[in-house]
Amino acid sequence: METLEFQAEARQLLQLMVHSIYSNKDIFLRELISNASDALDKLRLATLQDGIEADASDLHIELAADKEARTLTVRDNGIGMTRDEVVELIGTIAKSGTAELLTKLREAKESPELIGQFGVGFYSTFMVAEKVTLVTRKAGTEGHGTRWESTGEGTYSIDDEPDAPIGTTVTVHLRPKDEEDALYDYTDDWKIREIVKKYSDFIAFPIRMGDDTLNSMKALWARPRSEVSDEEYHEFYRHISHDWSEPLEIINMKAEGTFEYEALLFLPSRAPHDLFQRDSRHGLQLYVKRVFIMDDSRELIPDYLRFVKGVVDAADLSLNISREILQQDRHIQMIRRRLVKKVLSTIKDLLAGNPEKYATFWREFGRAVKEGLLNDSDNQKAILDVATFSSTAGTEPTTLTAYVERMKEGQDEIYFLTGENRSQVENSPHMEAFQQQGYEVLILTDPVDEIWVEAVPDYDGKKLQSIARGSVDLPKDNEEPEPEGDFAPLLTFLKESLTEQIKDVRLSHRLISSPACLVSDTDDITPALEKMYRAMGQEGPRVKRILELNPNHPLVSGLRTAYEARADDPALPETAELLYGTALLAEGGDLDDPARFAKLLADRLAKTV
Ligand SMILES: Nc1ncnc2c1ncn2[C@@H]1O[C@H](COP(=O)(O)OP(=O)(O)OP(=O)(O)O)[C@@H](O)[C@H]1O
């Protein structure tokens, strides 16, 4: 026998379980049944696909309570685990982001939503157990099985078990019952039935106790929606998503005819912590005629809808279908197209009929959905239809349709400005003339916004136009632009003086109160995008922008006079630098050499006091 230590993170999680931070302890049984069900799915699949020799004729889960010994046993004749697997799967927590979540959990104390994100799974038994024994033997292997035992206090023992049958038996040595602490008598027949009925009724394998089968085994997606309670849907959602919170929306689909399938999809109400991590688990469960085929099937749903959970049960696929074949399968591609359309139309319905739910959805997942604008050109319009954006028109986000309706007479472009946050964008000098003349500007502050705006030319025939790019001609701008002539020498001087920083200098139509701003040339990439590329390791040439001047600002007109009077004054290039730096700061940009800027400014201020 060997005694081993739990990995540090596992130990912390166990601590939380032993000291029972969660009030609903009944769920430990659900977790054990869920694991058993997964193990049965895996065994069936192994015999189908890998030709593993094992008896899959009576796959089931058995519950047995012993009142004398105060134990509850959950046994499955599923795939089982090797000794190494036990050490790896039960002794550690492999999931990414766990450490971070644990910290949050400890800070938040009682927070079922956070625990739900974990999938605490097997460890939840320690909420009710003094000791847990797990005996397992892997299907298709020779030799003995493995016996694992722990009180959940830092270490576990592991040993060979010669007589273990194929599958896994978990024996929970129960703590004394303490109903005040919601610790019930889990050897009680009635209590066990209640928990199974409540949480595990849809499990596809029989859950037996003595001669009785406790669950109905009805595949939820195959039942008419009117016959399924919300509670049942929610349990099923928990089973497949490991998310504790209730789903935001449930989507049923059924296609009949040449290619039949049923789907049950869920829009979660909260983004998982790893929504933007590359290695996050996602995809739908694939069944073929009620037989579980695989988890996390990414072929069924595009990445930008990776938060969608659910099941697809296709009638006409081979049970042997592999991931490689899935990728090319025409039927799968067709299902995927339909699922995408259905999800987008569901979001559209929320937008129209349930603004509150929509707002939750968009807050949690909008950033992911917008990725679709880049790589799902077929649905670009549909995505734009359901997207909402912050805008200068008010505090509530707006759809593009509503924006277009509000467009002023003569306006034929949709104006937007990207940036890091609302106040930075709102206060950017680029906004001035638009604000003053009452043109609405969309405020785009998600990183993905910088990218998709490059890929989407227009909406409803209206061009999407960054107000920090190219030259602007505001429609009602009938004021004569300042005659460039008077400023020409100054513009030439500034262009030469700031040649390292900018590609051109011109007079501006967009400034009211600021002296200057920086704009990108029509076909150049924006600084934010340039920064992103660099962060991804793609070094490119520095893209210079255009400095636009407000001819009505005293600094600019004063500079003109000064330049006319004393073109050789060494203070002039410094003023030029300060002017450029100020424009950069005003839009929230980063100075190349902040120390130099600060010194120039301080010297200049010193002369004024
Ligand atoms: N009855 C079982 N038979 C075979 N393997 C099991 C069994 N129970 C657990 N395991 C293995 O141990 C792993 C860890 O189980 P645990 O319940 O802690 O997490 P999980 O099931 O992966 O995640 P979640 O709890 O979120 O479903 C499982 O993924 C599975 O590989």
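Two exercises with worked solutions follow, both on a predicted model.

**Exercise 1. The ligand and its surroundings**

Determine which residues come nearest to the ligand, which of their atoms lie by its oxygen atoms, and how the shell around the ligand is made up.

Solution.

Step 1. The ligand has 14 residues around it, and those that come nearest are N35, D76, G121, F122 and H242.

Step 2. Consider the atom pairs. In N35, a polar side-chain atom lies 2.7 Å from an oxygen atom of the ligand. In F122, a backbone N or O atom lies 2.9 Å from a ligand oxygen atom. In H242, an N or O atom of the side chain is 3.2 Å from an oxygen atom of the ligand.

Step 3. Turn to the surface. The ligand taken alone exposes 590 Å², and the protein buries 84% of that.

Step 4. Assign the shell to elements. Two or more residues are given by α2 (27-49) and by α3 (83-91). The largest share, four residues, comes from α2.

Step 5. Sort the shell by class: five residues are nonpolar, five are polar and four are charged.

**Exercise 2. Two helices**

Determine how helix α19 (residues 554-565) and helix α20 (residues 571-586) are placed relative to each other.

Solution.

Step 1. The axes of α19 and α20 come within 11 Å and cross at roughly 160°.

Step 2. Angles over 145 degrees count as roughly antiparallel. The helices α19 and α20 are therefore roughly antiparallel to each other.

Step 3. State the handedness: the crossing in which α19 passes α20 is left-handed.

Definitions and conventions:
Residues numbered from 1 in each chain as written. Predicted model: local features only at pLDDT ≥ 70, side-chain atom pairs only at ≥ 80, totals over all residues. Heavy atoms only, no water. Near = heavy atom within 4 Å. Polar contact = N/O pair within 3.5 Å; in protein donor to acceptor, adjacent residues only side chain to side chain. Areas by Shrake-Rupley, 256 points an atom, 1.4 Å probe, with all protein chains shown as cover. Nonpolar A, V, L, I, M, F, W, Y, C, P; charged D, E, K, R; others polar. Axes fitted to C-alpha atoms, helices over the stretch in contact; angles between N-to-C directions. Parallel < 35°, antiparallel > 145°, perpendicular 65-115°, else oblique. Left-handed = near helix turned anticlockwise from the far one by under 90°.
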